[in-house]
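Subject: Structure handover

Hello,

Here is the structure I promised to pass on. Please open it first, then read the notes below.

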Amino acid sequence: MDRGQRLRVTAHEGKQCADIKFINRNDPKEQFAAPWSVFLNTLEGTGTKDSIAKLWSKPPYENVMLKVVRDDVGRHFMNGSCSQRWAEFSGGLANVVEGGRTCWDLYDEALRPFGLTAADTDSEGTFNAFMSVSYDGDGGFIFEPPSCETGDFIEFEAEMDVLVVAVSCPDKNEINDFKPKAMKYEIFNGQDPL
């Protein structure tokens with residue numbers, strides 16, 4: 001995306017999560033920092049652990065990379081993505097992930113044409129669109145069905161030139177309402193779709 005363009009992520013097939021990484025196109029070391037963004041949005045009064053208005057890059061950069069301009073749902077998770085180890089601990093790759101590839105595997109595949117790999121990205125630098133996560137009394141994760149309905153979307157406006165790495169989460173559990181589905185990703189110039 002170029003600065004000023006908008007990215008719309010739509011749950012056009014129903015309840016589904018999108019795992020998205022944002023990388024400065026001119027300096028790949030500058031990347032979206034999910035927990036840091038939650039912290040800074042909370043301090044500014046522009047967000048919570050579930051919904052943020054500004055996507056900040058990690059220190060030492062600390063720039064606003066994108067802004068949320070519309071959010072039909074207002075509940076997302078800011079953290080990481082499924083991996084081979086996660087799949088192993090959760091019951092085995094074939095049992096928990098559609099197609100035998102985790103989000104990290106999909107990131108790796110998507111980044112290679114840009115001379116990057118998933119290992120070049122921050123493991124906690126993921127915007128988990130529509131993912132609903134609560135915490136139990138001991139601080140453990142409680143995964144819930146996605147917070148979206150068919151047609152709901154979130155829209156971001158780029159504050160710098162960014163490389164967007166988006167995958168539709170392949171988990172076969174409550175995170176995707178037990179059936180992974182496609183997401184719709186559109187880039188706009190202002191209000192006009194490309």
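Two residues are in contact here when they have heavy atoms within 4.5 Å of each other. Please keep in mind that this is a predicted model.

**The cores**

Setting aside residues up to four places away in sequence, Leu66 touches Met1, Phe22, Ala53, Lys54, Leu55, Phe156, Glu157, Ala158, Glu159 and Val162. Leu66 also belongs to the largest nonpolar core, which has 26 residues. Leu66 is among those with the most contacts inside that core, together with Val9, Phe22, Leu55, Phe127 and Phe156. Strands E1 (5-10), E2 (18-24), E4, E6 and E9 (153-158) each supply at least two residues of this core, and so does helix H1. There is a second, separate core of 18 residues. Cys82, Leu111, Val133 and Val167 are included in that second core.

**Val68**

Val68 is found in strand E4. Is Val68 buried or exposed? Its relative accessible area is 18%, under the 20% cut-off, so Val68 is buried. Beyond its neighbours within four places in sequence, Val68 is in contact with Ile52, Ala53, Leu55, Ile154, Glu155 and Phe156. Val68 and Leu55 are 13 residues apart along the chain, and their C-alpha atoms are separated by 7.9 Å.

**Helix H1**

H1 covers residues 34-44. Which residues of H1 are buried? They are Ala34, Ser37, Val38, Leu40 and Asn41. An α-helix has 3.6 residues a turn, so residues three or four places apart point the same way. The buried residues of H1 pack against strands E3 (54-56), E5 (77-79) and E6 (126-129). After H1 comes Gly45, with a positive phi near 80 degrees.

**Backbone points to check**

Most residues other than glycine have a negative phi, and most peptide bonds are trans.

- Pro59 and Pro60 are joined by a cis peptide bond, with omega about 10 degrees. Pro60 lies in the loop between E3 and strand E4 (64-71).
- Glu62 has a positive phi, near 50 degrees. Glu62 also sits in the loop between E3 and E4. Its relative accessibility is 33%, so Glu62 counts as partly exposed.
- Phe130 is not a glycine, yet its phi is positive, about 75 degrees. Phe130 lies in the loop between E6 and E7. With 0% relative accessibility, Phe130 counts as buried.

**Ser134**

Ser134 is in strand E7 (residues 132-135). A polar contact of 2.7 Å joins its side chain to that of Glu144. Not counting residues up to four places away in sequence, Ser134 touches Arg75, Gly140, Phe141, Ile142 and Glu144.

**The largest pocket**

How much space lies in the largest pocket? The volume is about 250 Å³. The pocket is lined by 14 residues, and the closest to its centre are Gly80, Ser81, Cys82, Trp86 and Phe143. Strands E5 and E8 (141-144) each supply at least two residues of the lining. By class, the lining has 8 nonpolar, 4 polar and 2 charged residues.

Best wishes

Conventions
Residues are numbered from 1 along each chain as its sequence is written. This is a predicted model: local features need pLDDT of at least 70, side-chain atom pairs count only at pLDDT 80 or more; totals for chains, interfaces and linings use all residues. Side-chain values use heavy atoms; hydrogens and water are left out. Buried means under 20% relative accessible area, exposed over 50%, partly exposed in between (1.4 Å probe, protein chains only). Helices (H or I, at least four residues) and strands (E, at least two) are DSSP runs, numbered from the N terminus. A polar contact is a pair of N or O atoms within 3.5 Å; within protein, one must be able to donate a hydrogen and the other to accept it, and residues adjacent in sequence count only if both atoms are side-chain atoms. A nonpolar core is a set of buried Ala, Val, Leu, Ile, Met, Phe, Trp, Tyr and Cys residues joined through side-chain atoms within 4.5 Å. On a 1 Å grid over the protein atoms alone, a cavity is a set of points where a 1.4 Å probe fits but cannot get out, and a pocket is an open set with protein on both sides within 12 Å along at least five of seven lines; lining residues have an atom within 4 Å of a point. Grid points are joined across faces, edges and corners, and a volume is the space filled by probe spheres set on the points. Ala, Val, Leu, Ile, Met, Phe, Trp, Tyr, Cys and Pro count as nonpolar, Asp, Glu, Lys and Arg as charged, and the others, Gly among them, as polar.
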